[in-house]
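Here is a report on the links that join side chains in one protein model. Please look through the sequence and the structure before reading on.

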Amino acid sequence: MKRFTSTALGSLIALAASMSAAQADKLTLYCSAQEDWCQLMARSFEDATGIDVNMTRKSSGETFAQIRAESSNPKGDVWWGGTGDPHLQAAEEGLTMEYVSPMRDQLHDWAISQAESAGNRTIGIYSGALGYGYNADLVAANNLPEPACWKDLLKPEYKGHVQMANPNSSGTAYTTLASMVQIFGEDEGFDFMKGLHSNINQYTKSGSAPIKAAGRGENTIGIVFMHDAVKQAVSGFPIKVVAPCEGTGYEIGSMSIIDGARNEEEAKKFYDWALSPEAQNLALQVNAFQVPSNKGAETSESAPDMSQIKLIDYDFKKYGSSDERKRLLQKWDEEVSVLPQ
C-alpha cells in the first residue's frame, strides 16, 4: 500500500509537471493586421518554436478596448500589428510592459523612435502611408471624375460613393482623422470630416473593409492605407491607388507585450522572432505591402514608394496620447457622426 501510494504520488507529480510545461508553451496573440497575415504569423511561430498560439484578429481600436477592459485580469500576451497610435495610448496607460529586444539594432530609426516615444513599451514593425483607392470601372460607369486629392472627395458628385471605417473602432480611420487635423488645421480639418460625412455610404468596423468592398464593386472609393489598396490591385481588381496631392499621414504599425501577460517568456520569444527578417518576410506570402522595420527584410516591388509620397510630419507622440485621442474621437462623435447624410 505504501509502495503504491509512493508510485501514485510520483505519477501525479509527473503529470502536474507535464501539465505545467504544456501551459507554459502557449501564447495568446491579439492581432490587428489583415487576417491571412495574422494566421501566417501565428502558424509560422508555432512551427519555429513549438509554442501553441491562440490568435484573435480584431481591428486596432477594438483590440485596444479589449486590452483596457481586461487590464485587471489580462488574458492576452502580445498585441501584434495595427496602427501605432492606440499602441502608444496603451503604453501611456500602463497597459503594456517595457521590453528592449536584442533585435533592436537591426531596425530602422523610425521603428526605434516609436519605442522611445513609448518608454520602450511598444516597437515599430512596419510603416505605411494613408491614402485611398477607387474602382476605376465604377468611376467610369458613373461618369465620375478621377479623384487625386483629399478635397476631391468632398465634391457633391461623390455622394454615396465614399467609404471609410469608424475612427472609434479602426486605427486606419483614427489616423485619417488625425491626419486631416494636421494637414488642414483643426477647424478646417473637422470641416473636411463634416463634408466627407455627407458623401459616406457606410462607416465600417475594419480599416481595410472599404477598399475590399470597392474591389468587389460594392463601393467606389475606399479611404485606407495605400498598401491595402495595392493588395486589391495586385489581386486583379480594378483598383487605382491615390497618394493625395495635399500630402498625407502615415502609420507605424506596432507590437506590444501586454502588461501582466500570463506567458511572458513566450511573449518575449514572439516579440524577438517577429522583429527578425525571416518573420517580416512572411508578409510577401500574403501580399502585405507595408515597409518592414527590419533593415534586412524584403520590401515588395509593388509596395508604395514612401520616398515618392508627400508625407506630413505626423506627430505620433501627440496623436497617440490618451487625452488627445479621446478628445478627437469625442469631437468626431459629437460634431460629425451625428450629422444627417
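## Salt bridges

This is a predicted model. Across the whole structure, a search finds 12 salt bridges.

| Glutamate 93 | Arginine 68 | 2.8 Å |

Start with glutamate 93 and arginine 68, whose side chains meet in a salt bridge. Glutamate 93 sits in the loop between helix H4 (84-92) and helix H5 (109-117), while arginine 68 belongs to helix H3 (residues 60-69), so the pair ties together parts 25 residues apart in sequence. Glutamate 93 is partly exposed, at a relative accessible area of 29%. Arginine 68 is partly exposed too, at 33%.

Glutamate 188 has a relative accessible area of 35% and is partly exposed. For lysine 151 the value is 40%, again partly exposed.

Glutamate 335 lies in helix H14 (residues 322-335) and lysine 194 in helix H8, so the pair ties together parts that are 141 residues apart in sequence. Both residues are partly exposed: glutamate 335 has a relative accessible area of 31%, and lysine 194 has 29%.

Salt bridges also form a network here. Its members are Glu186, Glu324, Arg327 and Lys331.

## Around helix H3

Which residues of H3 are buried? They are Ser60, Gly61, Thr63, Phe64, Gln66 and Ile67. Arginine 68, by contrast, is partly exposed. What covers the buried residues of H3? The cover includes helices H4, H7 (171-184) and H14. Strands E1 (26-31) and E3 (78-80) are also part of it.

## Disulfides

A search of the whole structure finds 2 disulfides. Counting bonded cysteines along the chain, the pattern is 1-2, 3-4.

The link of cysteine 31 and cysteine 38 is left-handed, with -80 degrees about the S-S bond. Is cysteine 31 buried or exposed? Cysteine 31 is buried, with a relative accessible area of 0%. Cysteine 38 also counts as buried, at 0%.

The other disulfide joins cysteine 149 to cysteine 245, with an S to S distance of 2.0 Å. The torsion about the S-S bond of cysteine 149 and cysteine 245 is about 120 degrees, so this disulfide is right-handed. Cysteine 149 is in the loop between H6 and E5, and cysteine 245 is in the loop between strand E8 (239-242) and strand E9 (250-257). The pair links distant parts of the chain, 96 residues apart. Cysteine 149 is buried, with a relative accessible area of 16%, whereas cysteine 245 is partly exposed at 41%.

Technical notes:
Residues are numbered from 1 along each chain as its sequence is written. This is a predicted model: local features need pLDDT of at least 70, side-chain atom pairs count only at pLDDT 80 or more; totals for chains, interfaces and linings use all residues. Side-chain values use heavy atoms; hydrogens and water are left out. A salt bridge is a side-chain nitrogen of Lys or Arg within 4 Å of a carboxyl oxygen of Asp or Glu. Helices (H or I, at least four residues) and strands (E, at least two) are DSSP runs, numbered from the N terminus. Buried means under 20% relative accessible area, exposed over 50%, partly exposed in between (1.4 Å probe, protein chains only). Contact means heavy atoms within 4.5 Å. A disulfide is a pair of cysteine sulfur atoms within 2.5 Å.
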